[in-house]
Amino acid sequence: MIQAAQVASKFTLFTHHAKTFPNLVTALRNSMLRTGVFKNEKTAEEQVVQVLNFDIHLSKDFRGKRFVERITECIPIESKNEYTYDHRKEKTLEGKFDKFFDNATQFFIKTTDKELYTYRNILEYVDGKYIITNPISKENLKEMRNNMDDKDLEEFDKFVEKHWSKKQKTKTTKRVKKTKEE
């Protein structure tokens, strides 16, 4: 499923029975490790996080009625290069050591405590009603908009404006229509 979602797929649907979003990521990561394709937990988790845009969590009440309990967005955290390479400019051995230890500290932080994603509920079922709780990230809004025809795009922009304009301003730009040659 992860491999299929990584290549040539607009979207991938699958079911899982994890109770929380972190449990879903962990279960999928562990499944990838069990296949033997990955040896490193962080690498496997990174692959999972790159394809999980949204988790639509279904639940069932005591009467057996199924409903969407929440929709959670997965937001990958991009790794930034925070190393300094200024040690060559240092005149003293002490300065060079300081730069080395600064870089070594960054390296160990990145390899031991690296957070690969964050997540947030964008919709929740509360007391019989659906409540929009957080805005969708700009990146996912952009991807969603790129896959809509003009009519759907207009309605979607109205929906975003109605529900999230106070929480997050998004750019509403017109798409350039492609010519037949493109």
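A salt bridge is taken here as a side-chain nitrogen of Lys or Arg within 4 Å of a carboxyl oxygen of Asp or Glu. By that criterion the side chains of Lys158 and Glu155 are paired, with 3.7 Å from N to O. Both residues belong to helix H6 and are three residues apart, so about one helical turn separates them. Lys158 is partly exposed at 48% relative accessibility, and Glu155 is partly exposed at 43%. Buried stands for under 20% relative accessible area, exposed for over 50%, and partly exposed for values in between (1.4 Å probe, protein chains only). Other salt bridges share partners and join Arg29, Glu41 and Glu45 into one network.

The model is a predicted one, in which local features need pLDDT of at least 70 and side-chain atom pairs count only at pLDDT 80 or more, while totals for chains, interfaces and linings use all residues. Residues are numbered from 1 along each chain as its sequence is written, and side-chain values use heavy atoms, with hydrogens and water left out.

The protein has six helices and four strands. Their order from the N terminus is α-α-α-β-β-α-β-β-α-α. Helices (H or I, at least four residues) and strands (E, at least two) are DSSP runs, numbered from the N terminus. Of the 182 residues in the protein, 27% are buried. Among contacts (heavy atoms within 4.5 Å) with a separation of 6 or more, 55% are between residues 24 or more positions apart. The protein exposes about 14,100 Å², and 53% of this area is supplied by carbon and sulfur atoms. Accessible areas come from the Shrake-Rupley method with a 1.4 Å probe; for residues, only the protein chains shown count as cover.

Side chains of opposite charge can pair when their charged atoms come close. The structure holds seven salt bridges. One of them pairs Arg145 with Asp157, whose closest N and O atoms are 2.9 Å apart. This pair links distant parts of the chain, with Arg145 in helix H5 (residues 138–146) and Asp157 in helix H6 (residues 150–164), 12 residues apart. Arg145 is buried at 10% relative accessibility, and Asp157 is buried at 17%. Another salt bridge joins the side chains of Arg70 and Glu69, at 2.8 Å from N to O. Here Arg70 is buried, with 13% relative accessibility, whereas Glu69 is partly exposed, with a relative accessible area of 27%.

Arg70 is also touched by Lys19, which touches His57 as well, not counting residues up to four places away in sequence. Lys19 lies in the loop between helix H1 (2–6) and helix H2 (21–34). Lys19 is exposed, at 67% relative accessibility. Along the chain Lys19 and His57 are 38 residues apart, and their C-alpha atoms are separated by 8.2 Å.

Rolling a probe the size of a water molecule over the atoms shows where empty space is left. The search uses a 1 Å grid over the protein atoms alone, and a pocket is an open set of points where a 1.4 Å probe fits, with protein on both sides within 12 Å along at least five of seven lines; lining residues have an atom within 4 Å of a point. The largest pocket has a volume of about 1,400 Å³. Grid points are joined across faces, edges and corners, and a volume is the space filled by probe spheres set on the points. The lining of the largest pocket has 36 residues, and the closest to its centre are Thr12, Leu13, Phe54, Asp55 and Ile56. Two or more lining residues come from each of helix H3 (41–51), strand S1 (54–60), strand S2 (66–76), strand S3 (117–126), H5 and H6. S1 gives the largest share, five residues.

On the surface, Leu93, Phe97, Phe100 and Phe101 form a nonpolar patch with about 460 Å² of accessible area together. Patches are made of residues with over 30% relative accessible area and no salt bridge; like charges are joined within 9 Å, and nonpolar side chains (Val, Leu, Ile, Met, Phe, Trp, Tyr) within 5 Å. Phe101 is in helix H4 (residues 93–112) and is partly exposed at 49% relative accessibility.

Most residues other than glycine have a negative phi, and most peptide bonds are trans. Asp127 has a positive phi, near 50°. Asp127 lies in the loop between S3 and strand S4 (129–132) and is exposed, with a relative accessible area of 76%.
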